[in-house]
Amino acid sequence: MLTKIHNTLFYLFMLMAASSCNQEDADQQILLPSNLEVLVEMGDNGIVNVNFSADKANFYRVGFGVNNQLPELVTGNQVSYRYTAVGEYTITVQAHSTEDDFIKKEEKVLITDQVLGIGLPTTGFESPLEYAGYTLTWNDEFNGTSLSSDWVYDLGDGCPGVCGWGNNELQFYRRENAEVKDGRLIITARQEAIGGKNYTSSRIKTQGKQEFLFGRIDIRAAVPKGQGIWPALWMLGANISEVSWPASGEIDIMEMIGGEASGRDNTVHGTLHWQNNGDYAYQGGSKTLADGKKYADNFHVYSIIWDEKSIAWLIDDEEFHRMDISSSTMDEFRKPFFILINLAVGGNWPGSPDNSTIFPQQFAVDYVRVFEKE
């Protein structure tokens, strides 16, 4: 009986030993990948291209260091990712033999305004301080550290009077989104939930401070870009509180509705809005850059030349549109106006931002100059 027990125990021991050896052999057969190489290349508008390879890798996982996300399974040996915010990020590439067996490499990338394509340009057209037959009567070069007393803010979303400012816009205007620094006014549009809106920006105006009637107005500015982005340099009749819009008249010196996919970042518009025998009327022109250039690439000088009979629109001192305002039905444009500068987000005309739109976006104004005929 004891002999049988001993034999049984012996066989059990041998089976366990064999099983252990087989497991060790199986473990030894799992070979980790080797020679993992990672190449990170910076593309345009926040796009980063990651190329990778390793010996004996069965698959790869890649993470881009955003929102604590774990590396995700990818196909092939190359993957691209589009960053939308400034910061330093860690890209992790894992070369796997099995789900639990892998080697990895980490590469740090610095995403700046320039990488995102939202940095301000350093070049562009500049206009003179003098024109023959004109006198400079008012200007703001934005050389201080805060807005001058010639400007006031429009705040909020236009409610309850003109909700969405008449265009179903998506931004909430705040003082904090406008600053004066480095000789420029900079208005920043941000994606943030404030005041029941998902975006914030700023709008300033000279209403009640400075009014203008006829002459030449030059505004040097660098516009932002992107779907749903809507910068504007414009004017409203100073009597708007009494007669309302459009009877007050509106002069749009420059508007741009952004969107690279739709080819709109290379076009700006100049428009008049008025009341024609009791009916709303508008008319304008536009200027499109050639060869795939965008207005955001450089500073440009946006101008109007305005007298009793006509208004002409210019970009970099070249006229692109002119309108006759001598009709009695356009008397709005023979009365004083004030200036507005704003950066809207979304609305009926540009449409809403989408996943191609990068925030924050900046609208920079170098100077505003008003000349009157001598």
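This is a predicted model: local features need pLDDT of at least 70, side-chain atom pairs count only at pLDDT 80 or more; totals for chains, interfaces and linings use all residues.
Figure 1. Leaving aside residues up to four places away in sequence, E106 touches T90, I91 and T92. V62 is also marked in this view. V62 and E106 are 44 residues apart along the chain. Their C-alpha atoms are separated by 9.8 Å.

**Figure 2. A disulfide links C159 and C163.** The structure holds 1 disulfide. A disulfide is a covalent bond between the sulfur atoms of two cysteines. Here the partners are C159 and C163, with an S to S distance of 2.0 Å. The link of C159 and C163 is right-handed, with 135° about the S-S bond. How accessible is each cysteine? C159 has 39% relative accessibility and counts as partly exposed. C163 has a relative accessible area of 41% and is partly exposed.

**Figure 3. A cis peptide bond joins C159 and P160.** Most peptide bonds are trans. The bond between C159 and P160 is cis, with omega at about 5°. P160 sits in the loop between β9 and β10. Strand β9 covers 152-154, and strand β10 covers 171-173.

**Figure 4. A cis peptide bond joins W245 and P246.** Omega is about 15° for this bond. P246 lies in a loop as well. That loop runs between helix α3 (240-243) and strand β17 (250-255).

**Figure 5. N35 has a positive phi.** Most residues other than glycine have a negative phi. N35 is not a glycine, yet its phi is positive, at about 55°. Where is N35 placed? N35 is in strand β1, which covers residues 34-42. Is N35 buried or exposed? With 52% relative accessibility, N35 counts as exposed, because the cut-off for exposed is over 50%.

**Figure 6. N277 has a positive phi in a loop.** The phi of N277 is positive at about 55°, although N277 is not a glycine. N277 is found in the loop between β18 and β19. Strand β18 covers 267-276, and strand β19 covers 279-288. N277 is exposed, with a relative accessible area of 66%.

**Figure 7. The whole chain gives the setting for the close-ups.** The chain has 3 helices and 24 strands. Its C-alpha trace spans about 125 × 40 × 35 Å along the principal axes. The radius of gyration is 31 Å, whereas a compact globule of 374 residues would have a value near 21 Å. Buried residues make up 47% of the 374 residues. Among contacts with a separation of 6 or more, 67% are between residues 24 or more positions apart. The chain exposes about 18800 Å², and carbon and sulfur atoms supply 48% of that area. There are 29 positive and 51 negative side chains. The centres of these two sets lie 1 Å apart.

Notes:
Residues are numbered from 1 along each chain as its sequence is written. Side-chain values use heavy atoms; hydrogens and water are left out. Helices (H or I, at least four residues) and strands (E, at least two) are DSSP runs, numbered from the N terminus. The radius of gyration is taken over C-alpha atoms; the globule rule is 2.2 Å times the number of residues to the power 0.38. Buried means under 20% relative accessible area, exposed over 50%, partly exposed in between (1.4 Å probe, protein chains only). Contact means heavy atoms within 4.5 Å. Accessible areas come from the Shrake-Rupley method with a 1.4 Å probe; for residues, only the protein chains shown count as cover. Lys and Arg count as positive and Asp and Glu as negative; His and the chain ends are not counted. The place of a charge is taken as NZ of Lys, CZ of Arg, CG of Asp or CD of Glu. A disulfide is a pair of cysteine sulfur atoms within 2.5 Å.
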